[in-house]
Amino acid sequence: MNAKRSDKIATGVLYGISATIVLILAALLLYILVRGVPHISWKFLTQPSKAYQEGGGIGIQLFNSFYLLLITMLISFPISLGAGIYLSEYAKKNWLTDLIRTSIEILSSLPSVVVGLFGFLVFVVQFGYGFSIISGALALTFFNLPLLTRNVEESLRAIHYTQREAGLALGLSRWETVMRIVVPEATPGILTGIILSSGRIFGEAAALIYTAGQSAPALDFSNWNPLSVSSPISIFRQAETLAVHIWKINTEGTMPDGAAVSAGASAVLIIAVLLFNFGARAVGKRLYNKMTSA
């Protein structure tokens, strides 16, 4: 067997493996969408769920998912941005930075259920927040920090060193160079990482079962008191998210049309995650073209 034939066989095997993975993923997505899309309607997306009756929706769970995502990103992004800037621009290679990077890798490999149990013991029990949005957001912050920090660091490292030298040559300090030149240049990559991590958070269930709770109290959208449990902006209320709702329906659901609700909610979740992923690519490409005049 000559080298060309070996190369063709190896290439064919790799193409076959890739095609098999894509087909499995496509079949899974199509199965969920075909079963769930017919059940999606405006009423389904806006009406509250029902426990013992047919015709319930996912309105509150869908709102809780987006609101919890917003609170989580407000907490985790500033921390990740600061950590990424430090590791990329200021940290020297020594045992401390090696320890930080190792800790980030270990934290990123933790199963989400372990993060959820940690959040339950610390935020729900010790801090006394109970099952609430803030407990879920803080737990998801630990879940999200490694991905965002690594994304910010890699995005900043991808900026050529001549950009930093140009800023310093113009009389800017190191901090001004980072904030006015390096970070804006790395914005497309950072924003792409934010959107991708948002999709990961949006579909998370295991960590939220133990922190944000498994119930969705009725919300009064005319009540803007942040301390009221019926206020949509309160961070101290229980908040069953869409992913947790799907899990709950399939384990202990009591509604007669539970299968239809689960299928529709699963389709909505898949569509949202796909939009996050495709949106990340589109936004990143558009920002890159705008900033580079490509």
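A residue counts as buried when its relative accessible area is under 20%. In this predicted model, Phe 123 comes in at 6%, so Phe 123 is buried.

Phe 123 and Phe 127 belong to one aromatic cluster, together with Phe 118, Tyr 129, Phe 142 and Phe 236. Across the whole structure, the search turns up eleven aromatic pairs. One of them joins Phe 118 to Phe 142, edge-to-face, with 5.2 Å from centre to centre and 70° between the planes. This pair ties together distant parts of the chain: Phe 118 sits in helix H5 (residues 112–126) and Phe 142 in helix H6 (residues 133–157), 24 residues apart. Both partners are partly exposed, Phe 118 with a relative accessibility of 37% and Phe 142 with 31%. As for Phe 123 and Phe 127, their ring centres lie 5.6 Å apart with the planes at 75°, so this pair is edge-to-face too.

H3 still has a bend of about 30°, placed at Ser 76, and a proline, Pro 78, follows within four residues.

The largest pocket has a volume of about 260 Å³. Its lining takes in 15 residues, and those closest to the centre are Ser 49, Lys 50, Ala 51, Lys 248 and Met 255. Helix H10 (residues 242–252) is the top contributor here, giving four residues to the lining. By residue type, the lining of the largest pocket splits into seven polar, four charged and four nonpolar.

The second largest pocket comes to about 210 Å³. Helices H1 (3–36), H8 (174–202) and H11 (258–292) each put at least two residues into its lining. H11 gives the most, with six. Among the lining residues are Leu 25, Leu 29, Thr 192 and Leu 196, along with Ile 270, Val 273, Leu 274, Asn 277, Phe 278 and Arg 281. Seven residues of this lining are nonpolar, two are polar and one is charged.

Key
Residues numbered from 1 in each chain as written. Predicted model: local features only at pLDDT ≥ 70, side-chain atom pairs only at ≥ 80, totals over all residues. Heavy atoms only, no water. 1 Å grid on protein atoms, 1.4 Å probe; cavity = no way out; pocket = protein on both sides within 12 Å on 5 of 7 lines; lining within 4 Å. Points joined across faces, edges and corners; volume = space filled by probe spheres on them. Nonpolar A, V, L, I, M, F, W, Y, C, P; charged D, E, K, R; others polar. Bend = angle between axes of the 7 residues up to and from the residue. Phe/Tyr/Trp six-rings, centres within 6.5 Å; stacked < 30°, edge-to-face > 60°. Buried < 20%, exposed > 50% of the residue type's maximum accessible area, 1.4 Å probe, protein only.
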